[in-house]
Amino acid sequence: MYAAATESLIKQAREIKEEELQRFCGRIFKLLHTKDVSGDTVDSLQRLNLIVSATKYARELPSDLVMKLQTLLRSSSCPEQLQVLTSSIIRESFPSSVHSLCSDLSHDSRTFSHVASVVLAQVSHMLFTISLYSVHKHLSNHLITFTRILCSLNPDQVNLVSRKLVDWLRYASMQQGASMSSGGFFSGPRTRQPAPLTEVDGVVTGDFFTVLCLGQSYTEDQWMNMYTFSMIKSWLLTYDTDGTTNTESDDRSEVDSSVMSMVSATSSSSRLLPPKERLREKAFEYCQRLIEQSDRKALKKTDTELQKACIVESVSIMDIICGEDPSYVYRAFPCIKALYGRLNGDLAYARALLPIAQFYLNHSEIAAVDSEAVFCQLFSHCPAEQFNEPMLAFEFVQFCLLNASVLQDRVANYRQSFPNILKFLAGNSSGLIAEFVELLPSLIASDTAIELLHTILDLPCLAAALDLQQRSACYQASDRSAWDQQGAKVAACLDAFRQPSYRGLFLYILRPEAGTGDTIDRLKMLHEILADMAESPRVVQCAQVVPVLLHVYFNTVTQVRVTNERSGHLIAHTSTKKLMYTHICHISQGLNCVISSSVFIVTHLQALCKLHPPLIVDQSREILEFASSPANIYSKEDFYTHVVWVIGEYLSVSYDPRCTVELITSFFESLEAVLFEITQVRQSASPPSFSPRLITVLMTTLAKLATRSQDLIPRVSLCLSKMRTFARSAPVMTCYSEEDTEEIITRAHELINLLKLPNVAQFVLAPSAGGDGPRWHRDTNASLPQGMRAVSGLLHRHSSSLPT
Amino acid sequence: MVSCFLIHTVCPVSALSAAESRILYARVFGPETGDADFTPEQRRLMQKEKLHVVARQARSAVALSREASGGLCVEAVLGEEAAALGEADSGMFSLGNAELFPHRSVVLWLGVQSLAFSLVCRPHENLLLAEGVLRNIARHCLEELRLLGPGAEMLLKSDRVDALLHRLLPHGQLLFLNHRFAFALDKEIASYVSK
């Protein structure tokens, strides 16, 4: 499709020299002055068009050529192709004065449209002063063009336009237009009678004309009807949403008696409404008629698709009208309810359910209508059956985003349905992740937060399970050949999917609602079953978005002030537990690597502990187990470092009264043992594979723990004094830089000295919670500055007694 | 209302880096809402840059979607436009609050082999209708410009796309066309192309 020839053409267009361009323009200028339009002219203009649009920077064309092009553009006798080309060239080239173009409004709609497209491209503020008469005269020809140009109409103009729109919308002709090729040689006068219009299913039309009426050819006002309906929604949004109704009595419009009006259910008093209100009324009727027409079974596929689009548009327009004038709500609801009843359960119309749900959300309270069934259908059934429709998924998620706060408050099963909603993400991770990053906080509820965390972590499993479900539905069990064609791995997983013994597992992962428990024990088995699907592209993409979601989850959980202290604590508790067990079995390699990535876990671990310091004591067994094993250093060094830091920081009586001396001692002993083990100086020792930072953090933590249980101080001092030997040993010298070894030695020194003055050490190493406040440091009467002065004084006096 | 329509590459282009997309046709609709502080030339440059950002994002969306579905791309040739369109993948994504276009604009894309057709829609647009319009425009482009063949007709005959958009998407307005309206417009387009 895209060939090297295209690329070289673009290159040529960009690299054309200025003089060559000027010469080319000169040639075109001469060509344009000849009477007839030759193929050469068109060809040259096409090339010029390419030249001006191929670059980011505008090309300046000679002004005489530009004037000539503008003249051509304005003349009605110019062939369309030239108009299109000149319009495009002027749009793209360096803008000269376009005001000359605006000076007179041409009568010819095609010309005007092309002129307008140039003007619109280059002028940001339209300062048209259009007289009332002018608007009326030109409106019929230039509807779409006009509504783009006139970005701010005064009320008189709005009324004028509204009246015309009502005419076109509601009172268009009811007979087919004169056909160009009516009959043939043998046709008599009778056959040239205009045939009646039909509905999309072939039945003759009985009511006013709409976009769903078919005819061999259309009259002018029927075209206007179609254009009007196409733009009526943006018109209403722009000019009808200021909340004020026009109550001027002299603006009551009269309908032209020449326009045919059909029998319909409107009250006769509608003729006396001001133009804006009348337009609303007519638009409402039009929408009702379209909804009714959409029930017919269309003969052509294009028309079926159009019916769906019309339903969506009509419900949206009715929503806007009801928003402006609540009295319409009572008329709208029966229609919408009937529509919902018709579409409910029909998968082909799932996208039309969303505007209906929006309508219910906006207006069901006013009308005191029960909307529970609608939302139940929306959240409980829709995602499960149609998660793999990308357009529906996108619109569904946008709907949730737009209405998140209302849904949280008023629709009970919104937050409960997160397993279903996440199916959209599992089915289309790359496309929807940006939306889900914004949506996820609204799905977090205190009672289901833990389950949500588990669900997020299992998202790749969900993607695999959904894939299997789909394939299983497509292929019959007996059709082994089709099954086997998908590859041995997938076939094996499919077999597992079909087995009754694993049914429960799959039912759990594919559940539509939360509330059946945080997770199930046998999930590990599911991971093993699905391991073969780990390389499937959809699963891999899904695994890539999980860390992003986890970030969002933890940010929300740690920042939002949970009103229920206990539930907040529970969330923090379980989240940390999950993080600790980094042997979480996941079927995607990618996920494993990222989960142990430092930045991710570390950020959240610290935040969680800061929020709930008692966590350390709660989780003391697991943390102790984790911290005691040096193997963890080698596989998850960064995480280990932070765990040690957290222990030093938060394991104290001031944070949790349950922190006993025995607990501190047991932590101390484990960490001491680890430090000994990794800093053993042996002949055959290999260079350390961990960073020097781990050593310093371990040393500092041990010192901190010692200040809290002062019997441990001698042991720490002994341990620290061995650090110098370690740092100066041959393997370490080769591995660490000079500054790092110096740092280790210096830190060991500082800690030993500090621990000689236990009370001071306590202030420095383990300040109470107020230690973060500035007063602690600035107030000369507070303890820390005093302590520091005492230390410096003592150290100066005792400097001679420092060990070498 | 539609803010802009783009035709751009989704295959690797030798002169560009891997993630970049070459825009073959771009049409921006509607009054500019940019600042009055910039000169017209600066505004034009900004607009071109914005279009490139959209094209890049659409390209990556197409690539990710094709990767996920794992489908094999069967190369269709001239004359098989309907088949190519049937095989095409489509999707949409939001531009979020980026200051590219009116906020929360949605990009609708349709990937046909090595090219993609993208439509940037304002928020609250009827996306179901937009999808239909995009497919219709793509079908016309494939047929009138012979995109399934080799050759660089796309670039020189871009006035055909202009004429097409003038009828099917006048000033960015999506139209509710039943098959008879569509047929009438198709005839007009065919007569333009044959000149």
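Mentor: Start with A:E285, which counts as buried at 8% relative accessibility. Keep in mind that this is a predicted model.

Trainee: Which side chain does A:E285 meet in a salt bridge?
Mentor: The side chain of A:K282. The N to O distance is 3.7 Å.

Trainee: And is A:K282 buried or exposed?
Mentor: Buried, at 1% relative accessibility.

Trainee: How far apart are A:E285 and A:K282 in the helix?
Mentor: They are 3 residues apart in helix α12 of chain A, residues 275–293. That separates them by about one helical turn.

Trainee: Why would such side chains pair at all?
Mentor: Side chains of opposite charge can pair when their charged atoms come close.

Trainee: Which chains does the pair of B:R44 and A:E92 cross between?
Mentor: It runs from chain B to chain A. B:R44 sits in helix α1 of chain B, residues 40–69. A:E92 sits in helix α5 of chain A, residues 80–92.

Trainee: What separates the closest N and O atoms there?
Mentor: In the B:R44 and A:E92 salt bridge they are 3.2 Å apart.

Trainee: Are those two buried or exposed?
Mentor: B:R44 counts as buried at 11% relative accessibility. A:E92 counts as buried too, at 15%. The cut-off for buried is under 20%, so both values qualify.

Trainee: What about A:R715, which side chain does that one meet?
Mentor: A:R715 and A:E672 meet in a salt bridge at 2.8 Å, N to O. A:R715 is in helix α38 of chain A, residues 713–728. A:E672 is in helix α36 of chain A, residues 661–678. So the pair ties together parts that are 43 residues apart in sequence.

Trainee: Which residues do shared partners join into one network?
Mentor: Salt bridges that share partners join A:E80, B:R167 and B:E188.

Trainee: Switching to the surface. Which residues form the negative patch?
Mentor: A:E18, A:E19, A:E20, A:E60 and B:E41 form a negative surface patch.

Trainee: Where does the largest share of that patch come from?
Mentor: From helix α2 of chain A, residues 18–33, with 3 residues. A:E18 is found in that helix. A:E18 is partly exposed, with a relative accessible area of 43%.

Trainee: Now backbone angles. What is phi of A:A368?
Mentor: Near 55 degrees. That is a positive value in a residue other than glycine.

Trainee: Where is A:A368 found?
Mentor: In the loop between α15 (350–367) and α16 (372–386) of chain A. A:A368 counts as exposed, at 70% relative accessibility.

Trainee: And what is phi of B:H124?
Mentor: Near 65 degrees, a positive value in a residue other than glycine. B:H124 lies in the loop between β5 (115–121) and α3 of chain B. B:H124 is exposed, with a relative accessible area of 58%.

Trainee: Which helix holds B:I137?
Mentor: Helix α3 of chain B, residues 127–144. B:I137 is buried, with a relative accessible area of 0%.

Trainee: What is B:I137 in contact with, leaving aside neighbours within four places in sequence?
Mentor: B:F5, B:L164, B:L165, B:L168 and B:L169.

Trainee: How does B:I137 sit relative to B:I189?
Mentor: Their C-alpha atoms are separated by 11 Å. Along the chain they are 52 residues apart.

Trainee: Back to chain A. Is A:S162 buried or exposed?
Mentor: Buried, with a relative accessible area of 0%. A:S162 is placed in helix α10, residues 155–170. Leaving aside neighbours within four places in sequence, A:S162 is in contact with A:W235, A:P275, A:K276 and A:L279.

Trainee: Last one. Where does A:T448 lie?
Mentor: In the loop between α21 (429–443) and α22 (449–457) of chain A. A:T448 counts as buried, at 4% relative accessibility. Not counting residues up to four places away in sequence, A:T448 touches A:Q416, A:F418 and A:A514.

Technical notes
Residues are numbered from 1 along each chain as its sequence is written. Chains are lettered from A and ligands numbered from 1 in the order in which they are written. This is a predicted model: local features need pLDDT of at least 70, side-chain atom pairs count only at pLDDT 80 or more; totals for chains, interfaces and linings use all residues. Side-chain values use heavy atoms; hydrogens and water are left out. Patches are made of residues with over 30% relative accessible area and no salt bridge: like charges are joined within 9 Å, nonpolar side chains (Val, Leu, Ile, Met, Phe, Trp, Tyr) within 5 Å. Accessible areas come from the Shrake-Rupley method with a 1.4 Å probe; for residues, only the protein chains shown count as cover. A salt bridge is a side-chain nitrogen of Lys or Arg within 4 Å of a carboxyl oxygen of Asp or Glu. Lys and Arg count as positive and Asp and Glu as negative; His and the chain ends are not counted. The place of a charge is taken as NZ of Lys, CZ of Arg, CG of Asp or CD of Glu. Helices (H or I, at least four residues) and strands (E, at least two) are DSSP runs, numbered from the N terminus. Buried means under 20% relative accessible area, exposed over 50%, partly exposed in between (1.4 Å probe, protein chains only). Contact means heavy atoms within 4.5 Å.
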